[in-house]
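Happy to walk through this one with you. Have a look at the model first, and then we can take a few questions in turn.

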Amino acid sequence: MVFLVSDEVKPKSGGPHMVVTGYASGMVECRWYDGFGVKREAFREDELMPGDRRIQDES
């Protein structure tokens, strides 16, 4: 599945809802707020699934 910048995603293994912020070295860069600060991490695309909101749904 191809995710666009600003799509909401979440890890298939469970975890927080995150926002896609970019792509680098074949990885999907994501950010989320954990209650204390903004966290960021890169994931392989096959590790993620769509969250509740996608940019295409808003058009």
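**The sheet and some of its residues**

Q: In what order do the five strands form the open sheet?
A: In this predicted model, the strands form an open sheet with antiparallel pairing. Reading across, their order is S4-S3-S2-S1-S5.

Q: Which are the edge strands?
A: An edge strand here pairs on one side only.

Q: In S4, which residue is the bridge partner of Cys-30?
A: Strand S3 spans residues 27–33, and six bridges join this strand to S4, the two running antiparallel. Within S4, the partner of Cys-30 is Glu-41.

Q: Is Glu-8 buried or exposed?
A: Glu-8 sits in strand S1, residues 8–11. Its side chain makes a polar contact with the side chain of His-17 at 2.9 Å. The cut-off for buried is under 20% relative accessible area. Because the relative accessibility of Glu-8 is 16%, this residue counts as buried.

Q: How far apart in space are Leu-4 and Val-19, C-alpha to C-alpha?
A: Leu-4 belongs to the segment before S1 and is partly exposed, with a relative accessible area of 36%. Along the sequence, Leu-4 and Val-19 are 15 residues apart. In space, their C-alpha to C-alpha distance is 9.5 Å.

Technical notes:
Residues numbered from 1 in each chain as written. Predicted model: local features only at pLDDT ≥ 70, side-chain atom pairs only at ≥ 80, totals over all residues. Heavy atoms only, no water. Pairing = 2+ DSSP bridges. Helix = DSSP H or I, 4+ residues; strand = E, 2+ residues; numbered from the N terminus. Buried < 20%, exposed > 50% of the residue type's maximum accessible area, 1.4 Å probe, protein only. Polar contact = N/O pair within 3.5 Å; in protein donor to acceptor, adjacent residues only side chain to side chain.
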